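The entries follow in the order in which I checked them.

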Amino acid sequence: MTRRRWIAEHWDEATATLTGAQAEHMTRVLRAQPGMEADVVAGGHVFHAQVVAVSGGEVRFNLIAELDADPALPITLVMAVYKFDHMEWAIEKATELGVAAIAPVISRRTEKHLAAAAQKRAERWRRIAHEAAQQSRRCDVPLVYDPEPLAARVRAASEAARIVLAEQERTTTLRNALEEAVAAAGTEMPALEIAIGPEGGWAPEEEALFDANGWRAASLGPRILRAETAAIAALAVAASYLE
Ligand code: SAH
């Protein structure tokens, strides 16, 4: 039987603590008692652990032994902010597929009211990533950056191989771009950034900006995908190639 996995908010070398909704669920629904065993994620590592104390809205564990864990895909998904319900769905699915980080960006065609509300929304995006990570038994939670203007992310210095998905691109497929990135990285697993535009797509000056900053344009095929479909397809292609 697979034990349920909990992602701890606080930890040190020998113990880990759950607080908030997770602690509440463990005490109220699962009636956690000292001695109960569980798998606990602390600082990106998974441990076989045992409850030692339940009190004041907290559940504390002793970490007994570290278990093998699968690393995240070394991919940062750069997502232009668009319709929040679709975007949240994309964040959940990207987390299940193993994304390491999500960078929301404000692009030219991000609707103004969404751009204005994005900063406040980041906490909710982090919560969604946390829940999806736990549900899919990941050993880490994807980092969700604060939203920033697209140009800042595109121009920022980065060690990663950078790919921008664009439906106008006809020659280079995502797979071609991944092959190039892997060849250029030698024996290392390359870090990747993959950018996906909003519902209206990238504006021409944004495409030029990506190009001028060394991002490789890539295609996911001849059909136009919704942004959330593009995110899932891109991560699935990358996972099948890299894992
Ligand atoms: N401008 C488009 C829709 C953009 S789709 C329209 O005609 O309405 C939203 C984003 O998904 C795009 O900016 C791109 O990043 C990605 N995308 C969608 N289909 C794609 C494809 N076939 N290849 C590469 N990227 C794609």
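The model is predicted, so I kept its limits in view: local features need pLDDT of at least 70, side-chain atom pairs count only at pLDDT 80 or more, and totals for chains, interfaces and linings use all residues. Residues are numbered from 1 along each chain as its sequence is written, and side-chain values use heavy atoms, with hydrogens and water left out.

Entry 1, helix pair. I looked up α2 (residues 84-96) against α3 (residues 112-135): their axes come within 9 Å and cross at roughly 35°. Axes here are lines fitted to C-alpha atoms, for helices over the stretch in contact, with angles from 0 to 180 degrees between N-to-C directions. The crossing of α2 and α3 is right-handed.

I then listed the contacts (heavy atoms within 4.5 Å). The α2 side includes F84, M87, E88 and I91, and the α3 side includes L114, R121, W125 and I128. By class, the residues of this contact are 11 nonpolar, two polar and five charged. Ala, Val, Leu, Ile, Met, Phe, Trp, Tyr, Cys and Pro count as nonpolar, Asp, Glu, Lys and Arg as charged, and the others, Gly among them, as polar.

I used a side-chain nitrogen of Lys or Arg within 4 Å of a carboxyl oxygen of Asp or Glu. The structure holds 16 of them. E88 pairs with R121, with the closest N and O atoms 2.8 Å apart. Because E88 is in α2 and R121 in α3, this pair ties together parts 33 residues apart in sequence. For burial I took under 20% relative accessible area as buried, over 50% as exposed and in between as partly exposed (1.4 Å probe, protein chains only). E88 is buried at 10% relative accessibility, and R121 is partly exposed at 27%.

E193 lies in strand β12 (residues 192-196) and R153 in helix α4 (residues 150-155), so the pair joins parts 40 residues apart in sequence. E193 also bridges to R162 at 3.1 Å between the closest N and O atoms. R162 sits in strand β11 (residues 161-165), 31 residues from E193. E193 is buried at 4% relative accessibility, and R162 is buried at 10%. Shared partners join E148, R153, R162 and E193 into one salt-bridge network.

Technical notes:
Helices (H or I, at least four residues) and strands (E, at least two) are DSSP runs, numbered from the N terminus. A crossing is left-handed if the near helix is turned anticlockwise from the far one by less than a right angle, and right-handed if clockwise.
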